[in-house]
Amino acid sequence: MARERLYLFDTTLRDGAQMNGVDFTLADKLVIARMLDELGIDYIEAGYPGANPTDTNFFAERRPMQSRLTAFGMTRRPGRSASNDPGLVALLDAKADAICFVAKAWDYHVRVALETTEEEMLASVRDSVRAAKAKGREVLLDCEHFFDGYKAKPAFALACAKAAYDEGARWVVLCDTNGGTLPHEVERIVGEVCAKIPGDHVGIHAHNDTEQAVANSFAAVRAGARQIQGTLNGLGERCGNANLVSIIPTLKLKPEYDDKFEISVSNEALGRLAHVSHALDELLNRAADRHAPYVGESAFATKAGIHASAIMKEPATYEHVAPERVGNKRKLLVSDQAGRSNVLAELDRIGLAIDKNDPRVLRLLDEVKEREATGYAYEAADASFDLLARRLLGQLPHYFDVEKFDVNVEQRNNAKGERITVSQAVVKLKVGDDEFISVAEGIGPVNALDLALRKDLGKYQSFITGLELTDYRVRILNGGTQAVTRVLIESTDETGDRWTTVGVSPNIIDASFQALMDSIVYKLVKSGAPA
Ligand SMILES: [Zn+2]
């Protein structure tokens, strides 16, 4: 049986950009748009031309893509004609394939926020759709507050959607703008709308205020809607928008949806999904959510030993889908609860072949348990585990020695008489017979130490140029008689891989130093630096 086409509409660059702390430059927007295009998204809503210079510039020229580039904006203002509304004119001139208008579908908002009449709102929708069609654009209408509006006055909410559809809009999109609608309500209301407007012209735009934006999107599809709007990583105002990174794999990997619907994302593109998700976090300079469904580092991580031995025999026992399908990987946590099978599986994953009866397996397990008792956390620090295992198996090259380091924090007045704190680090290290002394200033002592350590590694310098620290976490642990500090450092490099290292000590600088060293050594191993 032929599958029905289901369309994906991404609004990371428009609604997603409403999120606190998100501020895309034009260059960022172009990078993300390219990523979305390669992923195979049908529509990319890239911004609101006329609202700010970045969005105006984005749409100032044609940007050829497979995806349909969509410009967002208001319908004509009440009491004006379409040609006499500068905002609308700018939107119509935008170099976009499609235009997505927004109109209020809640009578209360029309009265209170727009201070106009329902009739005038409907006329504004009709005029705007007609003007955009005349310009040769594909037209969408976001019916803002549709669900609240429908509950308050169904006839007006429907009339709003119907006005756009009758005028020739390709899609009317039902928006749960405040994000408070529940899945069973969405399913009922979308079902009622689809009795009046064919479902292959109806879209859903859900916000995540009750943590159900993804569920609401699927509820709408079950009721007949055939376009899903959302954002990468669920970016968006308040609690975010529906997360396309969760929606896409569910559509492709769950027979419930895959048997019925075809989407424009290929299996091959699906295999890059985890990378796309992490690349966006990278661009936003924030740590990836370890527990994100499908793509998080922990999404396929198993802890207890008994589960690990079952997973090695038959992955389907504890995995709802195969991690490789979305570009993720299986991870068996090595922790004090772990048995031999976890250690073996982890050694297998990092490519260290060893016989399962080799006595070194148990020695490694003992070592992990001993160190975890003092505060190390290897389940979070995969790269430090990797190095520990290599050291024990005699497979870790000796690259360099740090002969000594010195970190100095000074508070004083600067030339302007302002109070400032300056950190400086001096590192003396030995690579073969060569000695290197590096000095660096940093925004804090750890930053200074990191910069000094990485400043000059002699013949190894070229192997670590792409190394970057992306996250630094500190915990004070109260074990035994004295408190110790655990530092976890997350790093990345030019290939987009990320890894975590750990250090533990009563002294925070010392703990940081261990984690920094592990990160550098791991990068050297990974880059194949010769001993
Ligand atoms: Zn929204």
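Buried means under 20% relative accessible area, exposed means over 50%, and partly exposed lies in between (1.4 Å probe, protein chains only). Keep that scale in mind for the views below, which come from a predicted model: local features need pLDDT of at least 70, side-chain atom pairs count only at pLDDT 80 or more, and totals for chains, interfaces and linings use all residues. Residues are numbered from 1 along each chain as its sequence is written, and side-chain values use heavy atoms, with hydrogens and water left out.

**View 1. Phe405 and Phe513 form a tilted ring pair.**
Let us start with aromatic rings. A pair of aromatic rings is described by the distance of the centres and the angle of the planes. Rings of Phe, Tyr and Trp (its six-membered ring) pair if their centres lie within 6.5 Å; planes under 30 degrees apart count as stacked, over 60 as edge-to-face and the rest as tilted. The structure holds 13 such aromatic pairs. In this one, the centres of Phe405 and Phe513 are 4.5 Å apart and the planes meet at 35°, so the pair is tilted. The two partners are 108 residues apart and link distant parts of the chain, with Phe405 in strand β13 and Phe513 in helix α19 (residues 508–526). Helices (H or I, at least four residues) and strands (E, at least two) are DSSP runs, numbered from the N terminus. Phe405 is partly exposed because its relative accessible area is 27%, whereas Phe513, at 13%, is buried.

**View 2. Phe146, Phe147 and Tyr150 make up one aromatic cluster.**
Find these three residues by their numbers: Phe146, Phe147 and Tyr150.

**View 3. Arg5 and Arg170 each place a charge over the ring of Tyr7.**
A charge sits over a ring if NZ of Lys or CZ of Arg is within 6 Å of the ring centre and within 35 degrees of the ring normal. Arg5 lies over the face of Tyr7, at 4.4 Å from the ring centre. For Arg170, the charged end is 5.6 Å from the centre of the Tyr7 ring.

**View 4. Helices α9 and α10 cross in a right-handed way.**
The axes of α9 (residues 213–223) and α10 (residues 244–253) come within 10 Å and cross at roughly 40°. Axes are lines fitted to C-alpha atoms, for helices over the stretch in contact, and angles run from 0 to 180 degrees between N-to-C directions. A crossing is right-handed if the near helix is turned clockwise from the far one by less than a right angle, and left-handed if anticlockwise. Look for Pro249 in helix α10; Pro249 is buried, with 0% relative accessibility.

**View 5. Glu115 and Glu211 have positive phi values without being glycine.**
Glu115, with phi near 50°, lies in the loop between α4 (107–112) and α5 (118–134). Glu211, with phi of about 60°, is found in the loop between β8 (202–206) and α9. Are they buried or exposed? Glu115 is exposed at 68% relative accessible area, and Glu211 is exposed at 67%.

**View 6. Asn414 sits in the loop between β13 (401–413) and β14 (419–431).**
The side chain of Asn414 reaches the backbone nitrogen of Lys416 at 3.0 Å. With a relative accessible area of 21%, Asn414 is partly exposed.

Notes
Polar contact = N/O pair within 3.5 Å; in protein donor to acceptor, adjacent residues only side chain to side chain.
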